[in-house]
There are 2 protein chains.
Amino acid sequence: MTTGVRRRMGVEERRQQLIGVALELFSRRSPDEVSIDEIASAAGISRPLVYHYFPGKLSLYEAALKRASDDLAARFMEPHEGPLGARLLRVMGRFFDFVDEHGPGFSALMRGGPAVGSSTTNALIDSVRQAAYVQILSHLGVTDPPARLELVVRSWISLAESTALIWLDGRRIPRAELEAQLVHDFAALAAVSAAYDEEMSALLRRVLKDEPADGPFTDLAGRLMALAF
Amino acid sequence: MTTGVRRRMGVEERRQQLIGVALELFSRRSPDEVSIDEIASAAGISRPLVYHYFPGKLSLYEAALKRASDDLAARFMEPHEGPLGARLLRVMGRFFDFVDEHGPGFSALMRGGPAVGSSTTNALIDSVRQAAYVQILSHLGVTDPPARLELVVRSWISLAESTALIWLDGRRIPRAELEAQLVHDFAALAAVSAAYDEEMSALLRRVLKDEPADGPFTDLAGRLMALAF
């Protein structure tokens, strides 16, 4: 269906193409190491033309990060069907797909630094964290979370981030193991909170009552019991 | 013992005084909001004299952060005596003391941003994380940690950071509860890892075998068993 004829792209189409090219480069190496010349070359246009669409590398980086953030937030979407542990496990699979695809860029972004520490990039990171938080609450069926639940969910999100970052640094543990582990970590952090708080305990009981005997939560409980602990 | 006579400070003494004054101001408000004028005024010297000792606000901020980092790392030091859970609980108490004393500055630093995202500040944050990591391994009696133990310890350190940040945002949960919870979270994350890995399981059994019946680890295990889980 291609005509073989190079046609002139419209402004928005060109911007979107540049964002895609830049995201690809920013994902594969630390953004500090990617030059505008390289982006221009990969997009098959001149350096001045890149500047025609984006005033500088930071604005192009922020546009690429916006696309990546929207992509990641979309991966958190999961039908409200079936056991919770299985839902979270599927989301973890898509999260690690994302981390895998954008490894070096993800590391550079999350570890901070001059090129990536703008208030816009921080706001984008926070927006993705918030999207994850909102999704988890909706799956738990909670609209007005108590402070302890908010803490468990938000601190688990940061645990997922740091687990992914540590995984990227050498990939010494199979990612499937970490995906399952994070599901279990969620249950474990919630259980610790529930062990000392009646409200959290009631919430956890309600949430876990429909988990199947062969699901990840029940599996974990059995294994923990088996530890001489 | 004071003479009442204002004497002229030496260069290093003046630098140290300025660092102390700056750290106090950077701790109480976001560093973005603290001006050199304010630091000069609090130190009782002129603005040009501040610049005589530090070329700019960033270098003074970095010096203040270095002092705070050394202070925090020193609080991780704990005698190798008594049950592990009790040791970790004491360290958590000192960690929250630090977070309490430096609240707004700690939040601004850990949330990143233009004023605080220099490579020097990131290196200082990493050095404190590394100090925590080394301390924990030494208490566990491990010199050559397997990848899964490294993951548990490092990801728990990030969990402690995010728990402290969430606590600072409104202080809606008593800090003593969070200090105990983090000790339990450590045990819980280690247990999840041990549930799926023989090496971690053996390590956890060895580490926990001397925990007392009234210690935090045993207390948690009992409470988890009591959850219908």
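Predicted model: local features only at pLDDT ≥ 70, side-chain atom pairs only at ≥ 80, totals over all residues.
Local features were considered where pLDDT is at least 70 and side-chain atom pairs only at pLDDT 80 or more, while totals for chains, interfaces and linings use all residues. Residues are numbered from 1 along each chain as its sequence is written, chains are lettered from A in the order in which they are written, and side-chain values use heavy atoms, with hydrogens and water left out.

Of the 229 residues of chain A, 55% count as buried; buried means under 20% relative accessible area, exposed over 50%, and partly exposed in between, with a 1.4 Å probe and protein chains only. The accessible surface of chain A comes to about 10,700 Å², and 56% of that surface belongs to carbon and sulfur atoms; such areas come from the Shrake-Rupley method with a 1.4 Å probe. Among the contacts in chain A with a separation of 6 or more, 67% are between residues 24 or more positions apart, a contact being heavy atoms within 4.5 Å.

Helix packing comes next. Two packed helices are described by the angle between their axes and the distance between the axes. In chain A, helix 1 (residues 11-28) and helix 4 (residues 57-75) have axes that come within 9 Å and cross at roughly 85 degrees. Here the axes are lines fitted to C-alpha atoms, for helices over the stretch in contact, and angles run from 0 to 180 degrees between N-to-C directions. Helix 1 of chain A and helix 4 of chain A are therefore roughly perpendicular, the term for angles of 65 to 115 degrees (under 35 is roughly parallel, over 145 roughly antiparallel, and the rest oblique). Helix 1 of chain A contributes residues including A:Leu18, A:Ile19, A:Leu23 and A:Phe26 to this contact, and helix 4 of chain A contributes residues including A:Leu60, A:Tyr61 and A:Arg67. By class, the contact has 10 nonpolar, two polar and two charged residues; Ala, Val, Leu, Ile, Met, Phe, Trp, Tyr, Cys and Pro count as nonpolar, Asp, Glu, Lys and Arg as charged, and the others, Gly among them, as polar.

In chain B, helix 1 (residues 11-28) and helix 4 (residues 57-75) pack at an angle of about 85 degrees, with their axes 9 Å apart. That makes helix 1 of chain B roughly perpendicular to helix 4 of chain B.

The UniProt annotation "DNA-binding region", from an unreviewed entry, covers residues 35-54 of chain A; such annotations may be inferred rather than shown by experiment. This stretch of chain A is 75% helix and 0% strand, and its end C-alpha atoms are 13 Å apart.

Some individual residues also deserve a look. Most residues other than glycine have a negative phi. A:Arg171, however, has a positive phi of about 45 degrees. A:Arg171 lies in the loop between helix 8 (147-168) and helix 9 (175-195) of chain A and is partly exposed, at 41% relative accessibility. For B:Arg171, phi is near 45 degrees, and the relative accessibility of 39% counts as partly exposed. A:Gln135, in helix 7 (residues 119-140) of chain A, is buried, with a relative accessible area of 15%. Neighbours within four places in sequence aside, A:Gln135 is in contact with A:Phe76, A:Met77 and A:Glu78.

Key
Helix = DSSP H or I, 4+ residues; strand = E, 2+ residues; numbered from the N terminus.
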